[in-house]
Amino acid sequence: MDGELVFYIINNKTHLDRWDFSGSLGFAISVVTTIGFGNLAPHTNPGKIMCVIYAFVGIPFMMVLLAGIGDMLMVALKRIANLKLCPKKRRVNRILNMLVIIVLGIVVGFLVPATVFHIIEDWHILEALYFCFTTLCTIGFGDYIIGIHEQRISEGPLHEAYEVLAYIWILFGLSYVSLIIKYISDILASNAELVERKTVQRLEAEKRRLGSELWKSGLRSASINSNKTTESFALENEVNGVELLSVNYI
């Protein structure tokens, strides 16, 4: 089985035995989600043309679908975010709610599927986690692919149901990962806006302080100049008075 798969990959040919319903479904989802595992590919020219048209039309629709699934998940996440785990300390409560969301996502999106793949595909648990991560991040190296080498449920409708459920998990997992990325981006953006707002406030305060000091120094300078002018005027009057006395005396 491994040699046959390597032969088809090296010669850029489709692994013909996998074009059943579940394999075709996996190919369709890998195209519109841009994962591109690479284990299946169209071999004929009409198939390649149809693949391009399907991707051109299907990818935007898939983005809309993932956005809709993300909105559904957002409702659940908002309910979790409003939990009162530590009502007396708002900041601590927010951090705890965030940790619950992250831990729940890791368990449901990674640990549970990885355990299933570990049992059914006979992968090491780290290999299963690696597959979950590369798949949900749309990296899709194609070195691990579900349903090709597993022997536990290799025949019958159970195998088909297993692969269909796996691809449904991919759809929800992609939505969740994109939602988490957006959530983290929004937090970073809000923190950046907060820092910017505080910086502007500090600059405005410093500007007002400098203006006040300049105004005060201007008043002091004007007062000093006024005093100097008064003293000069008095001194000049005294000098003139002395000269006038001198003239009268003569």
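Student: What share of the 250 residues in the protein is buried?
Tutor: This is a predicted model, in which local features need pLDDT of at least 70 and side-chain atom pairs count only at pLDDT 80 or more, while totals for chains, interfaces and linings use all residues. Residues are numbered from 1 along each chain as its sequence is written, and side-chain values use heavy atoms, with hydrogens and water left out. Buried means under 20% relative accessible area, exposed over 50%, and partly exposed in between (1.4 Å probe, protein chains only). Of the 250 residues, the buried share is 28%.

Student: How many helices and strands does the protein have?
Tutor: Both are DSSP runs, numbered from the N terminus: helices are H or I with at least four residues, strands are E with at least two. From the N terminus on, the elements run α-α-α-α-α-α. The count is 6 helices and 0 strands.

Student: What percentage of contacts with a separation of 6 or more joins residues 24 or more positions apart?
Tutor: Contact means heavy atoms within 4.5 Å. Take the contacts in the protein with a separation of 6 or more; the part from residues 24 or more positions apart is 59%.

Student: Are H2 and H3 roughly parallel or roughly perpendicular?
Tutor: Axes are lines fitted to C-alpha atoms, for helices over the stretch in contact, and angles run from 0 to 180 degrees between N-to-C directions. Under 35 degrees counts as roughly parallel, over 145 as roughly antiparallel, 65 to 115 as roughly perpendicular and the rest as oblique. H2 (residues 21-32) and H3 (residues 45-81) pack at about 70°, with axes 8 Å apart. So H2 and H3 are roughly perpendicular.

Student: Is alanine 41 buried or partly exposed?
Tutor: Alanine 41 lies in the loop between H2 and H3. Its relative accessible area is 30%, so alanine 41 is partly exposed.

Student: Are H4 and H5 roughly perpendicular or oblique to each other?
Tutor: The axes of H4 and H5 come within 8 Å and cross at roughly 125°. H4 and H5 are therefore oblique.

Student: Is the crossing of H4 and H5 left-handed or right-handed?
Tutor: A crossing is left-handed if the near helix is turned anticlockwise from the far one by less than a right angle, and right-handed if clockwise. The crossing of H4 and H5 is right-handed.

Student: Is threonine 134 buried or exposed?
Tutor: Threonine 134 is found in helix H5. Not counting residues up to four places away in sequence, threonine 134 touches Ile139, Gly140 and Phe141. Its relative accessible area is 5%, so threonine 134 is buried.
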